[in-house]
Amino acid sequence: MKKVMFYCQHVLGMGHLVRSLEIVQALNEYEVYFLNGGELLPEVQIPPAIHVINLPPIKSDSEFEGLQSADSTLPLEEIKRARLNLILLEFDRIQPEVLILELFPFGRKRFAFELVPLLARIRLLGGKTKVVCSLRDILVSKSDQTRHEEWVVALMNRYFDLLLVHSDPTFQTLDETFSQTQALACDIQYTGFVAQMAPPSQTEPLEYIPNDPEGTPLIVVSIGGGRVGYELVECAVKASGQLRSSLPHRMVIFTGPYMSEKEYSNLQQLVRGKPHIVLQRYTNQFLSYMNSADLSISMAGYNTCMNIVSTGVRALVLPFMGRGNEEQLIRTRKLEEQGKVIGLDPPKLDSDYLMRKIEERLRTSSCLQESSIDIQGAENTSILIKELIHTEKPPAPLATRSHEPRSSTERIYPSWKRILQEGLESLADTQEIIPIFLRDDDIDEDEESLRHLLDITLSRNAPMNLQIIPEKLTEAGIRVLKDFNRVNPDLVSLNQHGWTHINHEKEGRKCEFGPSRNFQEQLEDISKGKAILETIFPMRFFPVFTPPWNRCTTDTFKVLDELGFHLLSKDLGKQPITGYSFNEISTSLDLYAWKGGAKMKTPEDIVQLLLRQIQELNVIGILLHHKVMDATAFAFLDQLLAELQQWPNVEFHTFQTLLQTEKYLLPAQKT
């Protein structure tokens with residue numbers, strides 16, 4: 001049976017979870033693994049055939065602006081590392097034919113730290129797993145909408161095969177809330193709305209019903225998960241009391257499982273002595289209540305609105321508009337145009353206003369025209385996934401299948417892994433930490449080789465120190481670096497690589513900051529480069545200077561001292577650079593030999609040199625060159641990182657984190 005992995009992260013309410021579960025239930029032809037990233041409540045029924053993998057849960061903070069661990073005893077960063085490791089481990093174990101990500105990258109950008117490494121790993125496999133984005137009808141606008149859309153397009157075009165928009169295009173199209181739809185290169189399909197189907201008849205009694213006589217109008221009040229919407233419930237209770245004598249009715253309220261204890265307690269006090277009102281947090285019979293109700297009062301979330309459409313219940317909906325969010329307002333207005341709902345005006349909301357709306361709605365005819373909106377989204381999604389599975393996917397550029405199982409790679413490199421493992425085993429008993437950093441030079445533009453290198457380091461969760469040529473840096477190159485930094489700022493150090501990478505020496509070895517240039521000339525160029533990088537990357541540039549060709553002079557050291565650089569990084573020399581305010585952290589191991597042209601060293605030679613340096617040096621610096629690396633070099637680097645990360649005493653660093661260790665003074669020999 002084919003395998004499908006579905007990722008769902010819910011941080012605010014239940015809408016994303018409910019919709020996702022409806023979709024996976026329809027994928028009954030496949031073995032489905034459900035990656036659940038939020039708090040999973042025991043009341044929520046999971047289809048028994050679904051394999052649920054619960055990640056350490058993350059939720060939104062009280063202001064809905066940031067993230068926090070659902071387990072208050074553990075720091076968020078620790079939770080994030082655990083989640084990433086578990087996701088990659090489960091993906092490698094399951095090896096699904098299809099991965100479906102709910103909302104990302106159109107939303108959930110704060111979870112890029114765990115999703116982009118997963119996407120990078122899939123891409124490095126060369127197309128074995130098809131990647132799908134599962135997207136609702138209306139997107140929330142961002143404060144930096146243009147930049148956000150550029151980022152979304154870059155991720156979609158690199159990693160995704162299919163975009164499923166869970167909407168009816170006659171009702172709402174993607175380009176209405178995403179202006180760069182035409183820039184998306186992947187296939188885009190509309191599935192129709194994902195909706196729970198109303199039961200044909202009531203087969204079991206409703207669990208919570210007031211004691212009033214049957215036939216008295218039933219009003220169902222709901223606010224989704226319950227983190228927002230308290231004011232609507234409070235107004236409904238007060239309006240019910242005012243309306244009770246003139247229009248007898250019954251009211252059942254579902255606050256949602258996430259409403260705070262304080263707010264729920266306040267409502268309990270408010271409904272006390274009102275036998276016609278029942279207050280509960282949650283029910284698995286919600287659709288049956290909607291089907292039996294004479295009136296629904298709710299927020300205008302995706303799932304509740306589809307429940308309204310599928311049951312045909314008369315409805316009053318209040319759009320949530322917090323933080324400038326217009327998603328529910330757009331949905332409300334469109335449903336109102338079709339006669340499916342009556343929208344409530346948030347500024348007017350009070351008990352008198354709501355009482356009048358309830359009375360007007362209950363006294364109108366209950367006969368609504370049959371819905372023309374396509375609500376077969378779950379079933380249509382299953383059909384489209386089946387088509388995708390049977391579609392051939394061309395391999396990505398530079399795809400090396402370097403993530404294949406160990407036995408496959410061993411046939412390519414039969415000896416270097418054994419050499420490395422034996423060498424590390426001999427050092428394991430010392431329990432001594434082995435700090436390693438990666439440095440990639442000559443970054444100036446958007447290149448597939450650079451993106452491929454970043455895919456490898458992301459998928460292995462390995463920090464990278466990127467050396468940027470300021471004068472040659474293009475707009476496209478800037479976007480690549482900002483996109484990479486946006487995934488996980490802790491995995492990147494952005495540093496300065498000379499000024500324009502031009503040789504100024506007429507004789508001898510190439511050098512941009514060599515003996516033919518005096519202090520003032522060097523100061524002018526280096527300061528210009530530093531100013532540019534500080535302006536472009538104000539929060540992420542870290543003042544490390546790497547001289548082109550790894551050569552410079554004493555005047556260069558004086559310039560770095562004056563400009564406040566923290567570090568100099570070049571080739572490791574016999575004597576450390578001392579006497580200045582900056583430190584030296586230089587590379588010790590180059591994958592390439594350069595005499596007569598760039599040529600990769602043999603894996604065995606690289607590993608033997610690495611093991612010798614582990615014994616001799618305090619810090620190991622591996623020098624990379626994305627501009628010359630080919631598929632073989634990328635595959636070797638990927639597997640080298642994988643092998644090294646299996647050893648707990650190996651630590652990978654950026655220059656920033658190295659400065660926080662006790663071993664950054666290079667090249668001090670161990671004694």
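Reader: Which element gives the largest share of the lining of the second largest pocket?

Author: Helix α2 does, with 9 residues. Helices (H or I, at least four residues) and strands (E, at least two) are DSSP runs numbered from the N terminus. A pocket is an open set of points on a 1 Å grid over the protein atoms alone, with protein on both sides within 12 Å along at least five of seven lines, and a lining residue has an atom within 4 Å of a point. This is a predicted model, in which local features need pLDDT of at least 70 and side-chain atom pairs pLDDT 80 or more, while totals for chains, interfaces and linings use all residues. Residues are numbered from 1 along each chain as its sequence is written, and side-chain values use heavy atoms, without hydrogens and water.

Reader: How many residues line the second largest pocket, and which lie nearest its centre?

Author: The lining has 42 residues, and those nearest the centre are Asn85, Ser459, Arg460, Asn461 and Gln645. Two or more residues each come from α2 (76-94), α3, α19 (631-644) and β26 (650-653). The space amounts to about 1,300 Å³, a volume being what is filled by probe spheres set on the points, which are joined across faces, edges and corners. By class the lining divides into 15 nonpolar, 13 polar and 14 charged residues. Here Ala, Val, Leu, Ile, Met, Phe, Trp, Tyr, Cys and Pro are nonpolar, Asp, Glu, Lys and Arg charged, and the others, Gly among them, polar.

Reader: How many cavities of 30 Å³ or more does the structure hold?

Author: There are 2. A cavity is a set of points where a 1.4 Å probe fits but cannot get out. The largest cavity has about 170 Å³ and is lined by 14 residues, with Arg158, Tyr159, Arg451, Asp483 and Phe484 nearest its centre. Helices α4 (145-159), α14 (448-459) and α15 (475-487) each supply at least two lining residues; α4 has the largest share, 5 residues. The lining counts 10 nonpolar and 4 charged residues, and no polar ones.

Reader: At what angle do α3 and α14 cross?

Author: A packed helix pair is described by the angle between the axes and the distance between them. The axes of α3 (112-124) and α14 cross at roughly 115 degrees and come within 8 Å. Axes are lines fitted to C-alpha atoms, for helices over the stretch in contact, with angles from 0 to 180 degrees between N-to-C directions. The crossing is left-handed, meaning that the near helix is turned anticlockwise from the far one by less than a right angle.

Reader: Which residues of α3 and α14 meet?

Author: Contact means heavy atoms within 4.5 Å. In α3, Val116, Pro117, Ala120, Arg121, Arg123 and Leu124 meet Glu448, His452, Asp455, Ile456, Leu458 and Ser459 of α14. The classes are 6 nonpolar, 2 polar and 4 charged residues.

Reader: In what order do the strands of the 7-strand sheet stand?

Author: Strands in a sheet pair through backbone hydrogen bonds, either parallel or antiparallel. This open sheet runs β3-β2-β1-β6-β7-β8-β9, with parallel pairing; a pair needs at least two DSSP bridges. β3 (51-54) and β9 (187-190) are the edges, each with a single partner strand, so one side of each has no neighbour in the sheet. The twist averages 20 degrees from one strand to the next. β2 (31-36) and β3 are joined in parallel by 4 bridges, and Phe34 has Val52 in β3 as bridge partner.

Reader: What is the order in the 6-strand sheet, and what packs on that sheet?

Author: The order is β12-β11-β10-β13-β14-β15, again open and parallel, with edge strands β12 (277-280) and β15 (342-343). β11 (250-254) pairs with β12 over 4 bridges, and Val252 stands opposite Val278. Helix α8 (302-311) packs on the sheet, touching β10 (218-222), β13 (295-299) and β14 (315-318), at about 160 degrees to β13. Helix α10 (351-362) lies across β10, β13, β14 and β15, at about 150 degrees to β14.

Reader: Where is the cis peptide bond?

Author: The bond joins Phe104 and Pro105, with omega about 10 degrees. Pro105 is in the loop between β6 (98-102) and α3. As another backbone entry, Asp442 has a positive phi near 65 degrees although it is not glycine, and it sits in strand β16 (434-443).
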